[in-house]
Amino acid sequence: MTFLIIIAVIAIVAIIWISVYNGLVKSRMHTKESWSQIDVQLKRRNDLIPNLVNTVKGYADFEKLTLQAVTDARTKVNNAQGPADTMVASDQLSGALTHLFAVAEAYPELKASNNFTKLQEELTNTENKIAYSRQLFNTTTASYNAKLQTFPSNVIAGIHHFEPSEFIAVPETEKEVPTVKF
């Protein structure tokens, strides 16, 4: 009888262990998958940028420094290593694109261009998807990291060397209050 109780306890502990371990693996995979979604949107944006630059280049007196800043920022995103570096480069690219669109306001022919308008809409939609993907990544990261810190999963995570995931931080420039002038 005692032997059966010991076997039952071992079986219950094994089932709990396997269940918690599998939950940790699933959470880690959700975090990786949500990062992958960011990566997909960044690639989409990077694929659109050459078309935008070529469209804008058609307007001879358009600011070359602005186009160069967009091209350089795109290169930084392509060469970034790891999520944190990628997001810093991505934020720089977003800033360069914002500046490009602001400068484009001074060129009525460019603003009226069908290609430019279409590309601007595509990039705006992609920026929105990137923002959503960042939120999803931080949500899945929070869930995963919580599992790494709560009992009993923290014990199993420690034994199996699960590492916490880093959140994507909001750049300091985006935290500044914009100046509004009328």
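**Figure 1. The contact of helices H2 and H3.** Thr66, Leu67, Ala69, Val70, Ala73, Arg74, Lys76 and Val77 in H2 meet Ala89, Ser90, Gln92, Leu93, Ala96, Leu97, His99, Leu100 and Val103 in H3, where contact means heavy atoms within 4.5 Å. These residues of the contact of H2 with H3 divide into eleven nonpolar, four polar and two charged. Here Ala, Val, Leu, Ile, Met, Phe, Trp, Tyr, Cys and Pro count as nonpolar, Asp, Glu, Lys and Arg as charged, and the others, Gly among them, as polar. The model is a predicted one, in which local features need pLDDT of at least 70 and side-chain atom pairs count only at pLDDT 80 or more, while totals for chains, interfaces and linings use all residues. Residues are numbered from 1 along each chain as its sequence is written, and side-chain values use heavy atoms, with hydrogens and water left out.

**Figure 2. The angle between H2 and H3.** Helix H2 covers residues 64-79 and helix H3 residues 82-104; they pack at an angle of about 160 degrees, with their axes 8 Å apart. H2 is therefore roughly antiparallel to H3. Axes are lines fitted to C-alpha atoms, for helices over the stretch in contact, and angles run from 0 to 180 degrees between N-to-C directions; angles over 145 degrees count as roughly antiparallel. The crossing of H2 and H3 is left-handed, a term used if the near helix is turned anticlockwise from the far one by less than a right angle.

**Figure 3. The crossing of H1 and H3.** The axes of H1 and H3 come within 12 Å and cross at roughly 30 degrees. This crossing of H1 and H3 is left-handed. Residues of H1 that meet H3 include Trp35, Ile38 and Leu42; among their partners in H3 are Pro83, Thr86 and Met87. The contact of H1 with H3 has twelve nonpolar, four polar and one charged residue.

**Figure 4. Two glutamines in helices.** Glutamine 41 lies in helix H1, residues 2-57. Its relative accessibility is 11%, so glutamine 41 counts as buried. Apart from neighbours within four places in sequence, glutamine 41 is in contact with Thr126, Lys129, Ile130 and Ser133. Glutamine 120 is in helix H5, residues 114-149, and is partly exposed, with a relative accessible area of 23%. Buried means under 20% relative accessible area, exposed over 50%, and partly exposed in between, with a 1.4 Å probe and protein chains only. Glutamine 120 and valine 88 are 32 residues apart in sequence and 22 Å apart in space, C-alpha to C-alpha.

**Figure 5. Proline 152 and histidine 161 in loops.** A cis peptide bond joins phenylalanine 151 and proline 152, with omega about 5 degrees. Proline 152 is in the loop between H5 and helix H6 (153-159). Histidine 161 is in the loop between H6 and helix H7 (172-175). The phi of histidine 161 is near 60 degrees, a positive value in a residue other than glycine. With 62% relative accessibility, histidine 161 counts as exposed.

**Figure 6. The protein chain as a setting for the close-ups.** The secondary structure comes to seven helices and zero strands; helices (H or I, at least four residues) and strands (E, at least two) are DSSP runs, numbered from the N terminus. Along its principal axes, the C-alpha trace spans about 90 × 30 × 25 Å. Buried residues make up 34% of the 182 residues in the protein chain.

Terms used: Parallel < 35°, antiparallel > 145°, perpendicular 65-115°, else oblique.
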